[in-house]
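Trainee: I would like to learn how to read packing features from a set of coordinates. Please give the general idea each time, then the case at hand.

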Amino acid sequence: MSSRTLLGGKVPSSVLKAAKDVKNGKVSRREFLATATALGVTGAAAMSMIGVKPAAAGSHGKMGGELRISMQVKQMTDPRLFDWSEMGNTARHFCEPLVRWNRDFTFSPRLLAGWEANEDATVYTLKLRDNVTWNNGDKCTAEHIAWNLQRWTEGDVEGNSMAARVSSLTKEGVEIVDATTIRLNLTKPDITIIAGMADYPGLIVHPDFGGDLSANPIGTGPYNMVEFEVEVGARYEKRDPAEWYGTAEWGEVKLDSIVYTDYGNDPAPETAAFESGEIDANYETFPAQAELMDGLGFTRSQVATGATIIARGHQSEGSIMANKNFRKALALCVSNADMLEVGQNGIGSVAENHHVGPMHEEYVDLGEKPTQNIEAAKALLESEGLAGAEFTYSYLAGGDYRQSTSEAMISQFREAGLNVEADGRPASDFWSNWLNYPYSTTNWNGRPLGVQIYGLAYRGGVKWNEANYSNAEFDALLDEANSLADPAARSVVMGKLEKILQDDGVIIQPYWRGILCHHSDAVHGYFKHQANEHHLEEVSMG
């Protein structure tokens with residue numbers, strides 16, 4: 001088993017080498033599992049290669065019941081345009097991905113039966129399940145999947161962030177081999193493409209869905225969406241188990257129905273709903289509320305992740321943020337450790353202003369950590385003729401870690417003599433322009449690979465490059481890193497990439513977040529996923 005992939009092929013030599021590196025302490029167990037399974041190795045085989053026993057199967061919960069969850073319900077149209085995890089959660093119960101990133105950090109097939117990569121990760125073979133039926137009665141075909149893959153490549157579509165996730169793929173590179181096989185012929189080596197497919201905008205839609213899932217909820221999943229209203233709620237009811245392909249493989253889903261209710265950003269109404277029994281679980285508990293929820297007797301689920309908060313200036317031509325020394329001065333103003341305490345009550349770890357961390361197998365410790373030095377910041381601003389410079393800092397005014405961190409950062413900027421206008425905005429206003437503010441704070445989900453994050457957020461010209469950062473050397477090094485399946489070889493390049501982002505002052509990234517949620521004791525099998533995803537097939541009530 002340890003020498004085979006999901007499709008029965010031979011494991012790439014880079015994975016075999018990485019398995020040895022795990023045993024020698026050079027690569028973490030968790031991140032080896034992510035890379036190995038992304039290249040098509042079965043989860044069981046990957047664990048066997050490093051001497052880990054698979055976790056025992058969970059107990060079979062009670063069938064039936066309704067799960068009521070508190071979560072913001074955002075507009076849901078075309079998954080490739082999604083820019084919030086909540087959007088993925090409202091769609092995922094009926095609209096599924098090809099691949100799932102599991103709680104144990106492995107990748108497993110969903111609509112795919114399996115996949116494998118060639119030795120240099122330039123060709124991926126995808127094997128489709130042949131028993132998948134859409135909830136409108138149509139059979140899901142290779143043509144449907146190929147159509148989705150091709151539309152992901154459309155970089156000219158406004159807001160299509162999937163184009164960055166599959167940047168090595170062209171429409172012409174999607175080849176239908178037979179009724180259940182698709183071959184991806186990439187323009188360059190890419191170890192991140194499976195990880196990109198597992199991200200929340202990578203949900204598979206029917207060619208006739210019309211561009212708006214909320215109006216036409218066609219999907220392949222175990223539930224049908226029966227109600228949906230933005231900022232109000234959504235309701236799902238179990239599909240006939242005989243019609244869902246997953247029943248034969250994983251078993252019948254247990255819940256009869258799932259209901260989301262949107263209580264807004266203020267945690268007080270959500271807490272009251274918990275206490276009155278109106279809801280059974282929440283999407284996320286902010287750190288400031290964690291002890292209160294614990295004290296009320298609700299069960300906490302917590303995970304250490306690559307989720308984070310990013311402060312950045314938009315480097316538009318002629319703006320003050322285009323000045324590298326000004327950005328570096330901003331970083332000198334901030335104590336990342338202070339931000340962790342203010343924003344997260346210490347739940348998490350201090351970050352290093354380059355958006356890659358110890359949870360990523362390619363991470364390189366650069367040695368010297370970012371340190372607050374107000375006097376050095378003042379001197380740098382003075383040398384650039386920017387002492388007392390003015391700018392507007394926009395942030396989400398929702399009373400959570402994003403607001404508290406932003407306001408604390410503004411205070412430290414002002415200590416250096418900068419004139420900062422605080423621009424707190426409600427969610428309904430803030431997110432409509434999140435890519436374009438002159439300076440702002442946004443939160444980012446954790447992702448399995450550091451190179452995946454860099455391709456999504458810092459490569460020149462990609463949709464989610466909120467800093468408008470462009471560096472040809474960085475992009476070239478990123479291409480090189482994406483071609484290296486061996487984590488040790490990739491980390492050599494990653495160290496250079498981290499240093500470039502840090503030296504260019506592209507972002508201030510104060511901390512990695514520990515994320516958590518709560519549920520009542522009537523709920524079984526509900527957990528906080530490292531990417532804020534809801535996988536509720538095993539959840540039961542009673």
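Mentor: Start with the nonpolar core, a set of buried Ala, Val, Leu, Ile, Met, Phe, Trp, Tyr and Cys residues joined through side-chain atoms within 4.5 Å. Buried means under 20% relative accessible area, exposed over 50%, and partly exposed in between, with a 1.4 Å probe and protein chains only. Here the largest nonpolar core has 123 residues, and Phe32, Leu184 and Tyr458 have the most contacts inside it. A second, separate core of 30 residues includes Val334, Phe391, Tyr393 and Tyr439.

Trainee: What kind of model is this, and how are residues numbered?

Mentor: It is a predicted model, in which local features need pLDDT of at least 70 and side-chain atom pairs count only at pLDDT 80 or more, while totals for chains, interfaces and linings use all residues. Residues are numbered from 1 along each chain as its sequence is written, and side-chain values use heavy atoms, with hydrogens and water left out.

Trainee: Which residues does Leu184 touch?

Mentor: Contact means heavy atoms within 4.5 Å. Not counting residues up to four places away in sequence, Leu184 touches Thr122, Val123, Tyr124, Leu126, Leu149, Leu169, Gly173, Val174, Ile193 and Met197.

Trainee: Where is Thr122 found, and is Thr122 buried or exposed?

Mentor: Helices (H or I, at least four residues) and strands (E, at least two) are DSSP runs, numbered from the N terminus. Thr122 is in the loop between strand S4 (112-117) and strand S5 (123-128). Its relative accessible area is 16%, so Thr122 is buried. With residues up to four places away in sequence not counted, Thr122 touches Leu184, Asn185, Leu186, Lys188 and Pro189.

Trainee: Leu149 was among the partners of Leu184. How many residues of helix H5 are buried?

Mentor: Helix H5 (residues 142-152) is mostly covered, with eight of its 11 residues buried.

Trainee: How should I read a pair of packed helices?

Mentor: Two packed helices are described by the angle between their axes and the distance between the axes. Axes are lines fitted to C-alpha atoms, for helices over the stretch in contact, and angles run from 0 to 180 degrees between N-to-C directions. Angles under 35 degrees count as roughly parallel, over 145 as roughly antiparallel, 65 to 115 as roughly perpendicular and the rest as oblique. For helix H17 (residues 472-482) and helix H18 (residues 487-503), the axes come within 9 Å and cross at roughly 160°. H17 is therefore roughly antiparallel to H18.

Trainee: What is the handedness of the crossing of H17 and H18, and which residues meet?

Mentor: A crossing is left-handed if the near helix is turned anticlockwise from the far one by less than a right angle, and right-handed if clockwise. The crossing of H17 and H18 is left-handed. From H17, Glu473, Phe474, Leu477, Leu478, Glu480 and Ala481 meet Arg490, Val493, Lys496, Leu497, Ile500 and Leu501 in H18. By class, this contact has eight nonpolar, no polar and four charged residues. In that scheme Ala, Val, Leu, Ile, Met, Phe, Trp, Tyr, Cys and Pro count as nonpolar, Asp, Glu, Lys and Arg as charged, and the others, Gly among them, as polar.

Trainee: At what angle do the axes of H9 and H10 cross?

Mentor: The axes of helix H9 (residues 267-276) and helix H10 (residues 287-295) cross at roughly 15° and come within 12 Å, so H9 and H10 are roughly parallel to each other. Their crossing is right-handed. Pro267, Thr271 and Phe274 in H9 meet Gln289, Leu292 and Met293 in H10. The residues of that contact divide into four nonpolar, two polar and no charged.

Trainee: Now a backbone feature. Which value does phi of Phe105 take?

Mentor: Phi of Phe105 is near 75°, positive in a residue other than glycine. Phe105 lies in the loop between strand S2 (99-101) and strand S3 (107-109), and is buried, with a relative accessible area of 10%. His355 also has a positive phi, near 65°. His355 lies in the loop between strand S13 (348-350) and helix H13 (374-383), and its relative accessible area is 0%, so His355 is buried.
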